[in-house]
Each structure stands twice: as structure tokens, then as C-alpha cells.
Amino acid sequence: MLPHHHDPIAAIATASGRGAVGIVRVSGKGLAPFVQALLGRALKPREATYLPFLDEQGQAIDHGLALWFPGPHSYTGEDVLELQGHGGPVVLQLLLARCLSLAQTLQAAGGSLLPGLRPARAGEFTERAFLNDKMDLAQAEAVADLIDASTEAAARSASRSLAGVFSDRIHVLRDALVNLRMLVEATLDFPEEEIDFLKKADAAGQLTRLQSALVAVRAQARQGALLRDGLKVVIAGQPNAGKSSLLNALAGAELAIVTAIAGTTRDVVQQTIQIEGVPLHVIDTAGLRESPDVDEVERIGIERAWGQIAQADAVLFLHDLTRVDQPAYQAADAAIAAALPEGMPLVQIWNKQDQSDAATAARCVEGLPDALLLSAKRGDGIEALRQRLLKLAGWQPSGEGLFMARERHLQALARVGEHLDAAAGWLEADAEHLDLLAEELRLAQQALGAITGEFSADDLLGEIFSRFCIGK
């Protein structure tokens, strides 16, 4: 278990800054006497009570609503008190300080009302909900994903994960895996009959169906991870190819300065856009060139451009149709292409179609079925590029039903697949290897359990919840 998870905790549970309403939340076991001491009266469970919030001298800090949720019927599974007042940062700090000081006063006087009440760490309320079985780990992560969602599709998918859709998929896989494990484990006690027993019970068929179900879950999880993390796309090419114009066209706003002067873009310019709900992090970089005219600032910009390319999920390689017949330009483009990371997903784009003749444009894309012609300045071809980016990301429009997923979920599902593949190999072997089959199935179940938190190390939990906001 995580350290200090039995301590009562308190925090401001609303975002920093001014707002119409602010909330101070307290969670712990046996809160009722503390509530009586703080508010001067008992509260009815799950019923809002309007009353003054008083300081040590009996003066009103604020007037607002108090809500009392006796455990286990609360967000954290413990007793929870929420004080809902006006959303000014000073008044909320005064309310929080009053809760903490009251606990210290009562403890100093020899009382036992919330000894050790302390400010909550980031994500600690949700951590309590997980530890008290109010939600599993995938649902807990969905809380943060819902808060951080940058698109409507991401928010809806996070909401479905919070409601347990992703967890339900994992539980179906787990139940099928447990049934198969029970079958295999049972045969280990009957060495003469185990192979016939497994054949009669259709163990191979059960494993095949389990693998097929896993493939479907992994495909949905990849879509969910894409909604959460998006795709990092870098626009690369020589100076004046139209990279900044392309960024502006994709973003629908004048984000980058556009001039005819080589080297105008000196640093990275990034904008997150969404296409059909999928976030795309589009990055404009300095023009790539080798020239004695490159000054120190531009040289650093070019180095940063290559750094961004190395970390990209995909590269848009932009060519200038008005210069394709210039030998020096062709050589520079070839040098850039040779320097791009091997295996990097690449979209070849020929820009300035509005300034070039049709014959030149057709010649450039001849034999390149995936190449695109466009005019970033006029917006011609931008919609086709948007669709190409979705295809590059692996996005498959599937309507409702998507759930949010994270990279660690994808890695865990990949491990499950590896163990099931190994299990299938041992199942095809003779009876001497059934103990190895049983072990692979056990490891597959353990990898599944890491998603929902059934098998999770404390350091993993600490890493996950530390990324939450304070008060959640």
C-alpha cells in the first residue's frame, strides 16, 4: 500500500483562480465529530445545508453549502465533507486553513478528532477511491484524461472509460483467460489423460477465441490512445517551400510569419489542431539548408528542426513546385530525404500548385500514388491532406463506443498477446510442456491485471496519481 493512505486529507478541490463557486474537500475515516466541531451541527447525509463557515473567533469566513457523504457512499469511499463557498482564492485558502488548524487544536487538546489531518497530495482523493475499490486503475486514469481532454471526442471517450467500458472489456478477457487457466491447471494432476482432456474441452478453440478478442480490444485501445495523445507531425523542407503557410492553412490562423526571405522561421512553431476529434500536434520548423549565408541563430533553428524530426510520429516533406527544375534545389531535396530517419512515416507534398503549370505538377507526382499536390496559400488540397493525416495516424472512424487508453495500456495488451502466442505454441507441443503453457497463461493474466490495478507496483501508482491536479 502507499504510505500515509490512512491519513485524513483536505484540499481545495476547484481550479485555481477566481470563480463563482469554490470547494474545499476533506476526506478521512470517522469525520462526523470533526464536522460537528467545525460547523457546530451535524449534517444530514447527501443533503446540502446552507450555513456560515466560521473562523476560530466565531466570525464568518464565508456563507455557503456544506455536503456530508458518510463512507463508503462517497467518491473516496471514506467520509467526505465538502464546503462549497464563493470561488475567491483567498476565502478558499482561509477555509482550508481553518480545517487544518481546527484539527491541530483538537489534537493538541488531547482530542482524537482527525489527528494528522494534512493537505492532500496531487491526485490523492482519486487515489483513495482506487485503494477503497470505488474504481479500478483504468477508471482512475480516465478521471485525469477527462479533465485534460482537448477535443469533444476525447472527452466522450474518457467519460466512457470512467464509466467502466474499457474495464469491462478487460474483465471479459480476464474471465475467459481464467477459465482456460483453470482447465489447464486441472489437467496437470492427470498426466496420462491431460492431452485428451484438453482436446475434449476445446482448449485450443478457447485460446484462439481469446486471441481474436484481444486483437479487437487492442485495435480499440490504439484508437483511444490516439484520441488522448494525438499525433506529432513535423513540416520539413527547404527554406521558402511554404512550411509556415501550410501550418497556417492547417490551423486556420496566421500563426507563423510568412515572407519570401530565406530563414524567416528561426525556431519551432507548434499548433494543436483537431481533425474529426483526433488531436494533431503540427510543428513548423526552420528551413533545412546548408549554406554559407546561414548565421548562428538560423543554424540553431536548423538543429532544432532535425531534433523535432527525430521525435516525430510523421513528417510532411514539403517541396516547391516552382523550383523543382533547379539542379541545386533538387540536390538539396535529395540530401534532406537521405538524412530523414529510416522508417519514418512520410508524406510527400508538392506545394505552390497555383504558381506552377499542370504538366510540371503531374511529372513530379508521377509514380508516387501517395503524393499530394496543394496550394497552402490558397488552401487547395488542404482537406485531402487532413484526410491523409488521419489515415497516417491509423484512425478508423467507428462512431460511438470508443474508450480512452494510454501508452501503458497498449504495452500491457502487447505483453498479453506475446504470452498468448507463446501459450499457443506450448499447447501444440506434447504433454510434457503443459506446465509452461500454464505459466504463460498466468503471465498473460498478470499483464491484464496491470491495466485495472490488480497487479500494480506502488511506484507505478505514485507515478500515475502524481500527474493529477491537487484536489482531485
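Predicted model: local features only at pLDDT ≥ 70, side-chain atom pairs only at ≥ 80, totals over all residues.
Biologist: Why is Val-24 called buried?

Modeller: Its relative accessibility is 0%, and the term requires under 20%; Val-24 therefore counts as buried. The residue belongs to strand S2, residues 19-28.

Biologist: What makes Ala-11, Leu-81 and Cys-99 contacts of Val-24?

Modeller: Contact means heavy atoms within 4.5 Å. Leaving aside neighbours within four places in sequence, Val-24 touches Ala-11, Ile-12, Leu-81, Glu-82, Leu-83, Leu-92, Leu-95, Leu-96 and Cys-99. For Leu-96, which is 72 residues from Val-24 along the chain, the C-alpha separation is 6.4 Å.

Biologist: Why is the pair of Phe-166 and Phe-403 called stacked?

Modeller: The ring centres lie 4.5 Å apart, and the limit for a pair is 6.5 Å. The planes make 10° with each other, and planes under 30 degrees apart count as stacked, so the term applies. A search of the whole structure finds one aromatic pair.

Biologist: What makes this a link between distant parts of the chain?

Modeller: Phe-166 is in helix H6 (residues 165-187), whereas Phe-403 is in the loop between helix H13 (382-393) and helix H14 (407-428); the two are 237 residues apart. Both Phe-166 and Phe-403 are buried.

Biologist: How do you know that Arg-25 lies over the face of Phe-125?

Modeller: Arg-25 is placed at 5.2 Å from the ring centre, and the distance criterion for CZ of Arg is within 6 Å. Arg-25 is accordingly assigned to the face of Phe-125.

Biologist: Why are strands S8 and S12 said to stand at the edges of the sheet?

Modeller: The open sheet has six strands in the order S8-S9-S7-S10-S11-S12, with mixed pairing. Strand S8 (269-275) and strand S12 (372-373) each have a single partner strand, so one side of each is left without a neighbour in the sheet.

Biologist: How do you know that S8 and S9 pair?

Modeller: Pairing requires at least two bridges, and S8 and strand S9 (residues 278-284) have seven, in the antiparallel sense.

Biologist: How do you know that the span of helix H15 is close to the expected one?

Modeller: Helix H15 (residues 434-452) has 19 residues and reaches 28 Å from its first C-alpha to its last, against 27 Å expected at 1.5 Å a residue. The reach of H15 is thus close to expectation. Just after H15, Gly-453 adopts a positive phi of about 95°.

Terms used:
Residues numbered from 1 in each chain as written. Heavy atoms only, no water. Helix = DSSP H or I, 4+ residues; strand = E, 2+ residues; numbered from the N terminus. Phe/Tyr/Trp six-rings, centres within 6.5 Å; stacked < 30°, edge-to-face > 60°. Buried < 20%, exposed > 50% of the residue type's maximum accessible area, 1.4 Å probe, protein only. Lys NZ or Arg CZ within 6 Å of the ring centre and 35° of its normal. Expected span 1.5 Å × (residues − 1).
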